[in-house]
Amino acid sequence: MKIIKYSLIAVAVLVVVFIGAAVFFVTTFDPNAYKEEIIAQAKEHTGRELTLDGDIDLTVFPWLGFSLGSTQFGNAAGFGETPMASVDEVDVRVAIAPLLKGKIEAAKVKLNGLKINLHKNKDGVTNWDDLEKKFAGSETEEETKEEASSKATEFEFAINGVEITNADLQWRDDQEGTNLH
């Protein structure tokens with residue numbers, strides 16, 4: 001009987017410590033302190049400007065997540081000042097328990113006020129070609145498939161849905177002379 005009693009006390013202590021750690025984390029961690037680093041990393045890896053207006057809000061329980069206000073991702077050189085993508089609000093959350101098992105389980109990803117501007121110029125170059133080249137690198141297709149296959153076995157990733165509200169997609173093709181919304 002003492003083993004059950006001590007086991008219950010140990011579980012209760014672990015729960016209190018976990019809750020205390022979560023409260024401490026939320027009250028002391030400021031994700032906004034990392035905005036400049038996030039912007040710099042986006043610029044370094046994509047060559048594009050990332051703008052994060054407003055605060056980054058953090059949640060911990062029952063989902064670990066963040067919300068952003070107005071966010072803009074810049075356009076490629078030669079495609080104008082209009083951002084390639086912008087969104088008024090972003091909300092992303094992942095379940096905590098699966099993270100301990102090496103799984104990423106995201107709740108519904110919410111994007112409000114999403115605007116995407118896709119553009120192909122007269123030379124047939126699109127405003128996302130540079131991103132494809134950066135992320136594809138110089139690997140062959142076989143190497144990419146092998147790498148993706150090995151990474152897929154390292155963790156599981158699931159998104160339980162995407163909710164997009166108030167969206168606008170613009171496709172401009174200068175070769176064909178079309179501009180669609």
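Analyst: A salt bridge is a side-chain nitrogen of Lys or Arg within 4 Å of a carboxyl oxygen of Asp or Glu. The structure is a predicted model, in which local features need pLDDT of at least 70, side-chain atom pairs count only at pLDDT 80 or more, and totals for chains, interfaces and linings use all residues. Residues are numbered from 1 along each chain as its sequence is written, and side-chain values use heavy atoms, with hydrogens and water left out.

User: What makes the contact between Asp-91 and Arg-93 a salt bridge?

Analyst: The N to O distance between these side chains is 3.0 Å, which is within the 4 Å limit, so the pair qualifies. By this rule the count comes to 6 salt bridges.

User: Which parts of the chain does the salt bridge of Lys-108 and Glu-163 link?

Analyst: Their side chains meet at 3.6 Å, N to O. The pair links distant parts of the chain, 55 residues apart: Lys-108 lies in the loop between β7 (103–106) and β8 (109–112), and Glu-163 in strand β11 (residues 162–165). Helices (H or I, at least four residues) and strands (E, at least two) are DSSP runs, numbered from the N terminus. Lys-108 counts as partly exposed because its relative accessible area is 38%, and Glu-163 is partly exposed at 31%.

User: What makes Arg-172 and Asp-174 a further example?

Analyst: The closest N and O atoms of Asp-174 and Arg-172 are 3.0 Å apart. Asp-174 is partly exposed because its relative accessibility is 23%; Arg-172, at 37%, is therefore partly exposed as well.

User: Which residues touch the most other members of the largest nonpolar core?

Analyst: A nonpolar core is a set of buried Ala, Val, Leu, Ile, Met, Phe, Trp, Tyr and Cys residues joined through side-chain atoms within 4.5 Å. Among the 13 residues of the largest one, Leu-50, Leu-52, Leu-68, Phe-73, Val-87, Val-90 and Leu-111 touch the most other members. Helix α2 (35–46) and strand β1 (50–52) each supply at least two residues of this core. Val-87 is in contact (heavy atoms within 4.5 Å) with residues including Gly-69, Ser-70, Leu-111 and Leu-114. Buried residues make up 24% of the 181 residues in the protein chain.

User: What does Glu-156 touch beyond residues up to four places away in sequence?

Analyst: Glu-156, in strand β10 (residues 156–159), touches Gly-102, Lys-103 and Ile-104.

How values were computed
Buried < 20%, exposed > 50% of the residue type's maximum accessible area, 1.4 Å probe, protein only.
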